[in-house]
Amino acid sequence: MLIDLRSDTITKPTPGMLEAMMQAEVGDNVFNDDPSVLQLERKAASMFGTESALFCVSGTMTNQLAIRAHCSPGSEVVCDKLSHVYLYEGGGIALNAFSSVRTLEGNRGRITAAQVEEAINNKQDIHLPVTRMVSLENTMNKGGGSIYDFEEIVKIKKVCEQHHLKLHLDGARIFNALVETNESPMAYGNIFDSISICLSKGLGCPVGSLLLGSEALITQAKRFRKVMGGGWRQAGYLAACGIYALDHHIDRLKEDHRRAKMIGEILSQKEYVKSVYPIETNIVIFELAHEMLASDFASRLSEKGLLCIGFGKHLVRFVTHLDFTDAHLEALETILNNAS
Ligand SMILES: *Cc1c(COP(=O)(O)O)cnc(C)c1O
């Protein structure tokens with residue numbers, strides 16, 4: 001039994017999802033007449049209470065489209081130093097939006113309103129890039145799936161309003177946060193100028209992300225998406241997966257969180273583990289003891305049939321997901337018991 005905990009992106013469509021794909025009505029999305037894509041976009045927009053939505057190929061694309069729309073050349077984006085938009089999008093902020101980044105040191109990836117306020121440049125000073133937007137990530141991948149305190153988000157929004165800054169949410173795993181906090185997507189839709197959500201992570205779709213925001217933002221983003229080569233045709237087959245996932249795969253994320261916590265308990269008893277990050281959702285990050293290299297540990301585990309990724313010199317990440325069952329958890333425990 002192969003256990004793949006490299007990412008929650010590795011899941012394969014379930015039989016129900018494949019069936020939804022088979023039944024999908026499709027058209028040409030570049031001509032704006034693919035009914036399944038339109039249905040998915042309306043569904044997501046109404047969940048979050050935004051005017052509009054745009055179905056795209058990836059979360060990188062939806063994040064980048066938002067940043068491109070909010071910024072102009074010479075702008076600056078404020079975010080935590082562990083942010084996906086900064087670390088893992090190929091320098092897209094510079095490439096796509098000709099803008100710079102001000103990174104802040106948050107608490108496992110979460111920044112505060114006070115930190116944001118302090119990072120805003122004086123507009124009158126011509127030496128400085130123009131602070132234009134703030135980007136938050138919830139849950140925070142590199143922070144170990146940590147969840148933002150909504151009260152802090154509200155405070156950050158106030159600072160943004162005072163300084164005329166746009167507020168973006170990288171919500172690749174927003175549903176993991178929502179099922180834990182019982183907050184409503186609407187609360188998020190109300191506060192953020194743009195939200196990126198991923199269907200291809202915990203929700204188990206093969207491909208797809210959505211950008212949510214105002215009609216004006218989405219109109220602009222659609223134009224940039226086309227320029228990037230992101231106009232797609234019978235995308236309805238993929239949109240059908242997304243509709244299915246929003247209907248069937250949100251509540252079950254709690255299962256992933258339960259299993260992640262159990263993995264954390266196993267790991268915290270191992271002498272080869274120095275510490276485990278607090279586990280709030282489906283991401284488990286732990287530090288190896290005895291200066292052991294994450295790459296060596298990961299390759300040792302892979303020989304035993306457990307795949308994971310190094311997340312720093314001595315840090316290892318496990319991500320639980322739809323295709324990781326209790327049977328896998330049992331097998332994983334045996335492997336971890338024999339991993340030293
Ligand atoms: C996965 C992820 C994305 C988007 O990744 P894609 O692979 O481009 O879909 C964005 N932000 C975070 C925090 C992610 O984990």
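Select Trp232 to begin: is Trp232 buried or exposed? Trp232 is buried, because its relative accessible area is 14%, where buried means under 20% relative accessible area, exposed over 50% and partly exposed in between, with a 1.4 Å probe and protein chains only. Before going further, note that this is a predicted model, in which local features need pLDDT of at least 70 and side-chain atom pairs count only at pLDDT 80 or more, while totals for chains, interfaces and linings use all residues. Residues are numbered from 1 along each chain as its sequence is written, and side-chain values use heavy atoms, with hydrogens and water left out.

Phe55 and Trp232 form a tilted aromatic pair, 4.7 Å centre to centre with 35° between the planes; rings of Phe, Tyr and Trp (its six-membered ring) pair if their centres lie within 6.5 Å, and planes under 30 degrees apart count as stacked, over 60 as edge-to-face and the rest as tilted.

Now move to Tyr272 and Phe297, both of which are buried. Together with Phe286 and Phe318, Tyr272 and Phe297 form one aromatic cluster.

Finally, select Cys198, which counts as buried at 4% relative accessibility. The closest cysteine sulfur, in Cys205, is 10 Å from that of Cys198, too far for a bond, and a search of the whole structure finds 0 disulfides, a disulfide being a pair of cysteine sulfur atoms within 2.5 Å.
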